[in-house]
Amino acid sequence: MDTANFLFVSADAALITDLAWQVRREGHDVKYYIEAESDREIGDGFVPKTDDWRAEVDWADVIIFDDIWVGSDIGTGELAQELRAEGKAVVGGTPNTDRLEEDRGYAMEVLEDHGVNTVEHHVFHEFDAGIKHVQQNPAPYVIKPLGEVQNVKRLLYVGNEDDGSDVVDVLRAYKKAWGHRMKGFQLQRKVDGVEIAICGFFDGNEFVDRVNFNFEHKKLFPGNIGPSTGEMGTSMFWAGKNRLFEETFGKIEGWLADEGYVGSIDINCIVNETGIYPLEFTPRFGYPTIALQEESIESSTAEFFYDLAHGNKPEPEVHGGYQIAVRVVLPPFPFDDEKTYDENSRNAAVVFQTDDREGIHLEDTKQVDGQWRVAGESGMPIVVTGKGETMGAAREQAYGRIDDVVMPNMYYRDDIGERWVDGDGDRLQAWGYLGP
């Protein structure tokens, strides 16, 4: 394709640095705006920046938003919708698709209205009402905060006791510690099975034929132990519109077209021998999933997103095997502790024992005089990816690349992809979900 102008907008935290860097490396003109003052150094030395994204709208051939928020009163979906109405090519949502992530009750209503099977769920705005429900309907539940604190990942709790007693105890603790901020929460009945996310790319009219299936690893430690993080890594593969797709996104494709949604949209599910149970939407890029998707798109990434934004029916060439991404982090991730960050991580050098940067992706990183350094406030400098004909081969490549990275105090999970090898793949195949 001819050289195009891409404007990347991070309305809160800087999340899309790596995609901007990839598009620039493919020879296109890039400008990158970051709203959060603490994150504005992220990407320095890798991509050109702008202090006023609105002043660049006429310059841009494609505008890409990375998240659903702008401040506290307007979502990027509203901005994207307005810009599309003005004739701009935008990767971004709408107010209603933003709401899919913000309001989990609304998300379940959309699914149910379109005939998608859902797990039992209830929304509460009073802790005592939620506690009473569990006591009257004893079972394991998942607690999912709503509103302002829904992105505080450590507040998500998955119950283990059959009588729900641990959920009651956690709700009572949350009432004391978070009652002033947690204005509502959803209780989902816990379902056992394989957790899998179905990720489609929508061009405003329909889904791209290639569908991404991924497996998130949210806990901090190997073995799925410890506090919840945004995510510690992802394993995935691409396939066609199989049963998993048809029974979820296939049923709401018309709704998304009516909305005019453009971009990546993900629905996380639990599946077992009895059915597919959607849990929640991510109507935006996933992180670090987008870095892994870039790695596995073997045609031009820039052309793919240009065609997606313009409704040109993109047909990306994707890797036919398996892929994994590992988030490499520093203290105090996943917690906020400025003193610990200053002492251990701020401006730390990211050193490589090889000249090869294949599979190395930016998160909170900057470049100063050719030296990669940690940027921002979060302690998430890089993502390392690998791919192969088997999940085992993808793991071997990714962890081999991590062995060439030197950062004092760095840590990461060493089991990304093992769940697939240990039986998730066999179970999905046996249940008939992995067709063509």
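**Sheets, a helix and enclosed spaces**

Student: Which residue stands opposite Val142 in β9?

Tutor: In this predicted model, strand β8 (residues 141–145) and β9 pair in the antiparallel sense over two bridges. Within that pairing, the residue of β9 opposite Val142 is Val158.

Student: Which strands stand at the edges of the open sheet of four strands?

Tutor: The sheet has antiparallel pairing and the order β7-β10-β8-β9. The strands at its edges each have a single partner, so one side of each lacks a neighbour in the sheet. These strands are β7 (121–124) and β9 (157–158).

Student: At about what angle does helix α6 run to β8?

Tutor: Helix α6 comprises residues 165–178 and lies across β8, β9 and β10 (185–189). Its angle to β8 is about 20 degrees.

Student: Is Glu206 buried, partly exposed or exposed, and what is its relative accessible area?

Tutor: Glu206 lies in the loop between β11 and β12. Leaving aside residues up to four places away in sequence, Glu206 touches Phe201, Glu253 and Lys313. Buried requires under 20% relative accessible area and exposed over 50%, so Glu206 is classed as partly exposed, at 30%.

Student: Why is helix α1 described as largely enclosed by the rest of the structure?

Tutor: The buried residues of α1 are Thr17, Asp18, Leu19, Ala20, Trp21, Gln22 and Val23. They pack against several elements, including β1 (5–10), β2 (29–34), α9 (289–296) and α10 (301–310). The helix covers residues 17–25 and is largely enclosed because the number of its nine residues that are buried is seven.

Student: Which elements give two or more residues to the lining of the largest cavity?

Tutor: The largest cavity has a volume of about 120 Å³. Its lining has 17 residues, and Leu15, Asp18, Tyr287, Leu362 and Glu363 lie nearest its centre. By class, the lining divides into 11 nonpolar, one polar and five charged residues. The elements giving two or more residues to this lining are α1 and α9.

Student: Which strand gives the most to the lining of the second largest cavity?

Tutor: The second largest cavity has a volume of about 110 Å³ and is lined by 16 residues, among them Phe65, Gly92 and Pro283. Its lining comprises seven nonpolar, five polar and four charged residues. The greatest contribution, three residues, comes from strand β14 (residues 262–272).

Student: How many charged residues are in the lining of the second largest pocket?

Tutor: The volume of the second largest pocket is about 200 Å³. Its lining has 14 residues, with Gln22, Arg25, Glu295, Glu358 and His361 nearest its centre, and α1, α9 and β18 each supply at least two residues. By class, two are nonpolar, five are polar, and the number of charged residues is seven.

Methods
Residues are numbered from 1 along each chain as its sequence is written. This is a predicted model: local features need pLDDT of at least 70, side-chain atom pairs count only at pLDDT 80 or more; totals for chains, interfaces and linings use all residues. Side-chain values use heavy atoms; hydrogens and water are left out. Buried means under 20% relative accessible area, exposed over 50%, partly exposed in between (1.4 Å probe, protein chains only). Contact means heavy atoms within 4.5 Å. Two strands pair if DSSP finds at least two bridges between them. Axes are lines fitted to C-alpha atoms, for helices over the stretch in contact, and angles run from 0 to 180 degrees between N-to-C directions. On a 1 Å grid over the protein atoms alone, a cavity is a set of points where a 1.4 Å probe fits but cannot get out, and a pocket is an open set with protein on both sides within 12 Å along at least five of seven lines; lining residues have an atom within 4 Å of a point. Grid points are joined across faces, edges and corners, and a volume is the space filled by probe spheres set on the points. Ala, Val, Leu, Ile, Met, Phe, Trp, Tyr, Cys and Pro count as nonpolar, Asp, Glu, Lys and Arg as charged, and the others, Gly among them, as polar.
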